[in-house]
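Biologist: Please take one part of this chain and go through it closely. I want to know what surrounds that part, and then how it sits beside a few other places in the model.

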Amino acid sequence: MSEKTNEFLKNRLSEEDYRKLLAIDKPEMHEFVADYIELCNPDGIFVATDSPDDIRYVREAAIRNGEEDRLTIREHTIHFDGYYDQARDKARTKFLVRSGVDLGPNLNTIDKEKGEREIREILKDIMSGHELYVRFFCLGPVNSEFSIPCVQLTDSAYVAHSEDLLYRRGYEEFKHRGRSARFFKFVHSAGELDERMVSKNIDKRRIYIDCEGAIVYSVNTQYGGNTIGLKKPAMRLAIHRAQKEGWLNEHMLVVAVHGPNNRKTFFTGAFPSLCGKTSTAMIPEESIVGDDISYIRKRGDKAYAVNVEAGIFGIIMGINSKDDPITWEALHSPNEIIFSNVLITEDKDVYWIGKDGKMPRKGINHSGEWTPGKRDAEGNEITPSHKNARFTTALKDLKNADPRLHDPDGVELSGVIYGGRDSDTCVPVLEAFDWTHGIITKGASLESETTAATLGKEGVRKFNPMSNLDFLSVPIGKYIDMNLKFGSSMKKPPRIFGVNYFLKDEGGNFTNEKTDKKVWLKWMELRVHDEVGAIKTPTGYIPRYEDLKKLFREVLNKDYSRDDYVKQFTIRVPENLAKIDRIKKIYETTVANTPPVLFEVLKGERERLVKAREKYGDYITPDRWEGER
């Protein structure tokens with residue numbers, strides 16, 4: 001650290017905060033903090049360590065500042081984002097890239113010099129009148145090869161408080177690593193606030209990501225998906241680093257499936273929104289390591305995964321006591337929880353769409369005072385809670401949290417699951433032939449149908465490779481190649497499965513019950529240990545009827561008919577061929593540098609399906625296949 005920077009910090013920080021900051025022997029971090037203090041010009045600065053007193057200071061600041069309000073249960077608080085600041089801003093989320101760098105048509109970019117100049121102009125004196133919180137966190141477990149130290153500068157106590165629940169403390173990790181720390185940097189300001197303490201200047205909302213400099217800027221916004229830098233913005237930084245170092249950062253849950261004789265088998269799983277990711281992670285009979293983001297590394301000839309986070313920033317709409325008993329219990333416990341953009345009732349309780357009980361007749365929500373039928377300036381009816389309303393809580397407070405949640409070694413990974421919303425093509429559960437086949441036909445080919453509730457038009461298929469399209473920082477072709485190389489270099493990589501909880505019959509009825517996913521998980525657990533056989537089809541291995549019948553009785557205590565089995569596991573050749581054609585066209589026309597093996601694998605799958613159709617017809621029931629594995 002230069003003498004000039006040292007003097008600046010001495011003058012701007014209290015003696016205590018200066019001491020806290022300088023206890024970390026990382027001059028690069030000191031220069032970063034000083035630069036943005038000078039640029040943003042806050043009225044006050046608080047440097048937080050990992051101590052309970054410092055964490056409490058930030059929580060109480062959110063109340064003092066009016067960003068949060070206390071609820072009936074002591075440790076529960078409520079936060080509101082601005083009415084037009086309720087989701088990730090994809091249009092204004094951009095990568096800063098140097099001239100000549102091409103990330104492909106799917107990634108939003110801006111010239112690095114231009115973007116830096118713009119963001120610094122917006123940040124100039126933006127924290128005047130605000131207090132700046134200097135926070136230290138760790139992505140992944142601390143004291144681990146997975147650990148990535150992070151420093152967050154924010155003038156929002158709500159953002160800092162949220163990160164206390166979502167991430168592991170990082171001050172001591174910074175001290176431990178000292179000058180060897182390779183850290184991520186985040187700068188956030190909510191900007192000018194209105195009388196409700198929400199961001200006013202939404203037109204100047206920006207989320208800019210500089211992978212080369214390992215820094216994320218977020219300004220004039222409070223919504224967590226834009227402002228909690230260690231969440232999805234940090235995924236872009238980590239994917240960029242992982243691509244260079246040979247590991248993976250995936251948009252995946254991590255769950256332990258409990259097998260015979262107290263065995264636990266760990267799976268990761270990628271599902272686009274509204275495709276069953278949370279319900280899979282939260283199955284009561286299993287245990288959760290993570291619900292959203294994972295780092296995956298090789299050690300020897302095995303793969304290991306960790307949950308990047310330590311908490312949940314979860315969608316609350318639809319959570320009820322019957323379908324979500326564990327989450328429901330957690331939300332009614334005295335544990336620390338931040339509710340965002342739900343309805344506050346007169347007695348300081350909260351209500352959200354789909355909650356048990358009657359809807360209140362009035363309250364306060366993200367629009368202000370609310371009564372049924374209220375409409376916004378555009379004439380849209382305002383629901384009691386926003387459809388993207390959230391809850392933030394620590395995973396340790398869920399009764400199904402796995403004891404290895406914070407294991408610095410990670411958990412040995414046995415399987416990878418890909419699932420999308422698909423009404424007419426894929427069977428409920430299927431195992432890929434091998435890693436390459438799985439990455440290409442299950443991961444790189446992942447699609448999900450939209451619902452009327454989300455886009456107003458039902459059944460439109462959205463291409464979303466590995467459920468990670470929105471969070472990539474490298475071109476899609478390179479990202480697919482990363483995944484292929486990761487597993488192909490291992491003698492026995494994790495097995496890959498595809499699941500589909502939304503298959504319908506000819507009458508438009510779901511062929512699965514909501515609880516059937518419990519059986520599919522148990523079958524996958526047995527498969528990775530070679531304890532059940534399977535039937536080989538042109539698209540992968542499907543379960544045998546006898547095995548599923550036994551599992552339905554053991555897991556759900558119900559009969560499983562052969563008619564249901566045939567409906568669910570009939571191979572629908574025309575629909576599978578149409579999907580191959582769709583995916584092939586996407587990679588041919590919109591993705592640069594697609595690995596050639598992708599087209600070879602899709603061609604092989606098409607040839608197998610055509611050959612089977614010639615022999616058996618368009619719709620091939622499971623009993624027609626011969627041979628088992």
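Modeller: A residue counts as buried when its relative accessible area is under 20%, as exposed when it is over 50%, and as partly exposed in between. The model is a predicted one. I start from isoleucine 480, which belongs to helix H14 (residues 476-488). The relative accessible area of isoleucine 480 is 0%, so this residue is buried. Not counting residues up to four places away in sequence, isoleucine 480 touches Ala444, Pro465, Met466, Tyr587, Pro595 and Leu598. Proline 384, by contrast, is 96 residues from isoleucine 480 in sequence, and their C-alpha atoms are 41 Å apart in space.

Helix H19 spans residues 596-616. Its 21 residues reach 31 Å from the first C-alpha to the last, close to the 30 Å expected at 1.5 Å a residue. The buried residues of H19 are Leu598, Val601, Leu602, Gly604, Glu605, Leu609 and Ala612. Around the helix axis they cover an arc of only 155°, so they lie on the same side of H19. The other side of H19 carries the exposed residues Pro596, Glu600, Lys603, Lys611, Glu614 and Lys615.

The cover over the buried residues of H19 includes H12, H14, strand E32 (571-572), helix H18 (573-589) and strand E33 (619-620). After H19 comes glycine 617, with a positive phi near 105°.

Two packed helices are described by the angle between their axes and the distance between the axes. For helix H12 (residues 435-443) and H19, the axes come within 10 Å and cross at roughly 85°. Angles from 65 to 115 degrees count as roughly perpendicular, and H12 and H19 are therefore roughly perpendicular to each other. On the H12 side of the contact are Thr436, His437, Ile440 and Thr441; they meet Val597, Leu598, Val601, Leu602, Glu605 and Arg608 in H19. Leu598, Val601, Leu602 and Glu605 are also among the buried residues of H19.

H16 has twelve residues and reaches 16 Å from first C-alpha to last, close to the 16 Å expected at 1.5 Å a residue. Buried in H16 are Tyr545, Asp547, Leu548, Leu551 and Phe552. Seen down the axis, these buried residues fall within an arc of 155°, so they line one face of the helix. Glu546, Lys550 and Glu554 are exposed on the face turned away from that buried side. H15 and helix H17 (562-569) are among the elements covering the buried residues of H16. Asparagine 557 follows H16 and has a positive phi, near 55°.

H15 also takes part in the largest nonpolar core. That core has 140 residues, and those with the most contacts inside it are Leu139, Phe339, Trp520 and Met524. Helix H15 (residues 517-528) gives the most to this core, with seven residues. A second, separate core of 37 residues includes Phe8, Phe32, Ala181 and Ile215. Returning to tryptophan 520, its contacts beyond four places in sequence are Pro428, Val429, Tyr501, Asn512, Leu548, Phe552, Tyr560, Gln568 and Phe569. Two of these, Leu548 and Phe552, are buried residues of H16.

A strand gives another buried position. Cysteine 138 lies in strand E6 (residues 131-139), and its relative accessible area of 0% makes it buried. Leaving aside neighbours within four places in sequence, cysteine 138 is in contact with Ser147, Ile148, Tyr167, Arg168, Arg169, Gly170, Glu173 and Val308. Aspartate 125 is 13 residues from cysteine 138 along the chain, and their C-alpha atoms are separated by 28 Å.

Last, the backbone in two loops. Most residues other than glycine have a negative phi. Asparagine 143, in the loop between E6 and strand E7 (148-154), has a positive phi of about 55° although it is not a glycine. Its relative accessibility is 55%, so asparagine 143 counts as exposed. Leucine 274, in the loop between strand E14 (263-270) and helix H10 (277-281), likewise has a positive phi, near 65°. At 44% relative accessibility, leucine 274 counts as partly exposed.

Key: Residues are numbered from 1 along each chain as its sequence is written. This is a predicted model: local features need pLDDT of at least 70, side-chain atom pairs count only at pLDDT 80 or more; totals for chains, interfaces and linings use all residues. Side-chain values use heavy atoms; hydrogens and water are left out. A nonpolar core is a set of buried Ala, Val, Leu, Ile, Met, Phe, Trp, Tyr and Cys residues joined through side-chain atoms within 4.5 Å. Buried means under 20% relative accessible area, exposed over 50%, partly exposed in between (1.4 Å probe, protein chains only). Helices (H or I, at least four residues) and strands (E, at least two) are DSSP runs, numbered from the N terminus. Contact means heavy atoms within 4.5 Å. The expected span of a helix is 1.5 Å times one less than its number of residues. The arc is that of the directions from the helix axis to the C-beta atoms. Axes are lines fitted to C-alpha atoms, for helices over the stretch in contact, and angles run from 0 to 180 degrees between N-to-C directions. Angles under 35 degrees count as roughly parallel, over 145 as roughly antiparallel, 65 to 115 as roughly perpendicular and the rest as oblique.
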